[in-house]
Amino acid sequence: MNTLKIWTFLFLCALSGIAAQAQTIRYVKPVAAGSGDGSSWANASGDLQAMINASASGDQVWVAAGTYKPTTGTDRTISFSLKNGLALYGGFPASGDPGMTDRDWAAFPSILSGEIGTPDDKSDNSYHVVRCNNLNAVIFDG
């Protein structure tokens, strides 16, 4: 019986260690409003791809209202590249300290745009705006 208690104790300790590894939330605002490290809304990054790259499976990236492009240049082959297990949520107000219940993608649209060249000229847009080749468990919401 003591062996069962020991194994139960070890199992519970292992579970609590897993639970302690909380997911990280990274915050993104449009380039003009975000220049931080993405650790909070007050420190929001203006670089969506950098926040995706910094994330691990189980992490979340919260994206405030605005338009986001995969490149600041004109290379049409560059696109946002998602990662396994990542949750990307848009529709947050661009001001304040909004939480998940404040999302409203109709009122606060987070737009991923391939319009990287001359405005309204389709011949110089990105070939692909988002790539998610061979990924599992990706959430792309709002």
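This is a predicted model: local features need pLDDT of at least 70, side-chain atom pairs count only at pLDDT 80 or more; totals for chains, interfaces and linings use all residues.
Let me start with R26, which forms a salt bridge with D59, their closest N and O atoms lying 3.1 Å apart, where a salt bridge means a side-chain nitrogen of Lys or Arg within 4 Å of a carboxyl oxygen of Asp or Glu. Since R26 sits in strand 1 (residues 25-28) and D59 in the loop between helix 2 (48-54) and strand 2 (60-64), the pair ties together parts that are 33 residues apart in sequence. The helices (H or I, at least four residues) and strands (E, at least two) that I mention are DSSP runs, numbered from the N terminus.

Residues are numbered from 1 along each chain as its sequence is written, and side-chain values use heavy atoms, with hydrogens and water left out.

Are the two partners in that pair buried or exposed? R26 counts as buried at 16% relative accessibility, and D59 counts as buried at 8%, where buried means under 20% relative accessible area, exposed over 50%, and partly exposed in between, with a 1.4 Å probe and protein chains only.

The structure holds 2 salt bridges, and R103 and D141 also meet through their side chains in a salt bridge, at 3.1 Å from N to O. Here R103 lies in the loop between strand 5 (87-92) and strand 6, and D141 in strand 8, so this pair ties together parts that are 38 residues apart in sequence. R103 is buried, at 16% relative accessibility, whereas D141 is partly exposed, with a relative accessible area of 30%.

Let me turn now to the backbone. D120, in the loop between strand 6 (110-112) and strand 7 (130-131), has a phi near 65 degrees, which is a positive value in a residue other than glycine. N134, placed in the loop between strand 7 and strand 8 (139-141), likewise is not a glycine and has a positive phi of about 55 degrees. D120 counts as exposed at 76% relative accessibility, and N134 is exposed too, with a relative accessible area of 76%.

Finally, a word on confidence, which pLDDT gives for each residue from 0 to 100. The protein chain has a mean pLDDT of 86, and 85% of its residues reach 70 or more.

Conventions
pLDDT is the predictor's confidence in each residue, from 0 to 100.
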